[in-house]
Amino acid sequence: CDAAESCGEFTSVVSMLPTGKFTEAASLSADPEVVNITTKRATIQWSTDRNSDSKIAYGKGSDNYFDSEPSNSDQVTDHEIALTDLSPGTKYYFTAKWTDEDGNTGQSDEFTFSTLPAPTIEDPKVK
């Protein structure tokens with residue numbers, strides 16, 4: 001109604017009950033970073049703006065990932081997944097994934113890293 005108390009048409013009644021659940025995945029607050037790279041291991045770390053679990057999809061080709069995804073079901077904001085049994089001197093492609101307690105899943109862009117080359121042996125030299 002306006003100041004002259006003229007009222008227009010009424011709309012139908014709208015009723016909503018808040019569920020208290022998130023409807024979108026948590027956002028990245030820090031892009032994935034690869035640390036502690038060796039010939040056979042690497043650790044991937046990233047952060048989200050609210051608690052979620054942690055998963056890594058990775059493989060030797062872009063968008064061509066292994067079937068298994070190392071994961072941690074702890075609901076955290078600072079995520080860390082250690083990859084083991086990697087091949088020396090190999091480029092890997094990966095994407096970080098996370099799912100919050102309400103079932104909303106987020107995924108990072110694709111990133112890459114390379115493991116260190118395997119040690120080499122040289123023939124001994126006599127002096």
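The model is predicted, so local features need pLDDT of at least 70 and side-chain atom pairs count only at pLDDT 80 or more, while totals for chains, interfaces and linings use all residues. Residues are numbered from 1 along each chain as its sequence is written, and side-chain values use heavy atoms, with hydrogens and water left out.

**The nonpolar core**

- A nonpolar core here is a set of buried Ala, Val, Leu, Ile, Met, Phe, Trp, Tyr and Cys residues joined through side-chain atoms within 4.5 Å.
- Buried stands for under 20% relative accessible area, exposed for over 50%, and partly exposed for what lies in between, with a 1.4 Å probe and protein chains only.
- The largest such core has 15 residues, and the members that touch the most others are Ile 44, Ile 56, Leu 83 and Phe 113.
- Strand E2 (42–59), strand E3 (71–83) and strand E4 (91–99) are the elements that give two or more residues to this core.
- E2 gives the most to the core, with 5 residues.
- Strands (E, at least two residues) and helices (H or I, at least four) are DSSP runs, numbered from the N terminus.

**Phe 113 and its surroundings**

- Phe 113 counts as buried, at 6% relative accessibility.
- Beyond residues up to four places away in sequence, Phe 113 touches Val 34, Ile 37, Ala 42, Ile 44, Leu 83, Leu 86, Thr 90, Lys 91, Tyr 92 and Phe 94.
- Contact is taken as heavy atoms within 4.5 Å.
- Glu 33 is 80 residues from Phe 113 along the chain, with 9.4 Å between their C-alpha atoms.

**Aromatic rings**

- Rings of Phe, Tyr and Trp (its six-membered ring) pair if their centres lie within 6.5 Å; planes under 30 degrees apart count as stacked, over 60 as edge-to-face and the rest as tilted.
- That rule gives 5 aromatic pairs.
- One of them is the edge-to-face pair of Tyr 58 and Phe 66, with 5.0 Å centre to centre and 85° between the planes.
- Tyr 58 is buried at 10% relative accessibility, whereas Phe 66 is partly exposed at 35%.
- Tyr 92 and Phe 113 count as stacked because their ring centres are 5.5 Å apart and their planes stand at 20°.
- Tyr 92 lies in strand E4 and Phe 113 in strand E6 (residues 111–114), so this pair ties together parts that are 21 residues apart in sequence.
- A single aromatic cluster is formed by Tyr 58, Phe 66, Tyr 92, Phe 94, Phe 111 and Phe 113.

- Arg 50 lies over the face of Phe 22, 3.6 Å from the ring centre.
- A charge sits over a ring if NZ of Lys or CZ of Arg is within 6 Å of the ring centre and within 35 degrees of the ring normal.
- Asn 104 is in the loop between E4 and strand E5 (105–107) and is buried, with a relative accessible area of 14%.
- The side chain of Asn 104 reaches the backbone oxygen of Phe 22 at 2.9 Å.
- Asn 104 also touches Arg 50, and its other contacts include Thr 23, Glu 24, Ala 25, Trp 98 and Thr 99, leaving out residues up to four places away in sequence.

**Salt bridges**

- There are 3 salt bridges, each needing a side-chain nitrogen of Lys or Arg within 4 Å of a carboxyl oxygen of Asp or Glu.
- Asp 100 and Arg 50 meet in one at 2.7 Å, N to O.
- Asp 100 and Arg 50 are both buried.
- Asp 53 and Lys 55 form another, with their closest N and O atoms 3.1 Å apart.
- Asp 53 is buried at 16% relative accessibility, and Lys 55 is buried at 17%.
- Lys 97 and Glu 69 also form a salt bridge, at 2.8 Å, N to O.
- Lys 97 is in strand E4 and Glu 69 in the loop between E2 and E3, 28 residues apart.
- Lys 97 is buried at 18%, while Glu 69 is partly exposed at 30%.

**Val 13**

- Val 13 is found in the segment before strand E1 (28–35) and counts as exposed, at 78% relative accessibility.
- Val 13 and Glu 69 are 56 residues apart in sequence and 47 Å apart in space, C-alpha to C-alpha.

Note on methods
A polar contact is a pair of N or O atoms within 3.5 Å; within protein, one must be able to donate a hydrogen and the other to accept it, and residues adjacent in sequence count only if both atoms are side-chain atoms.
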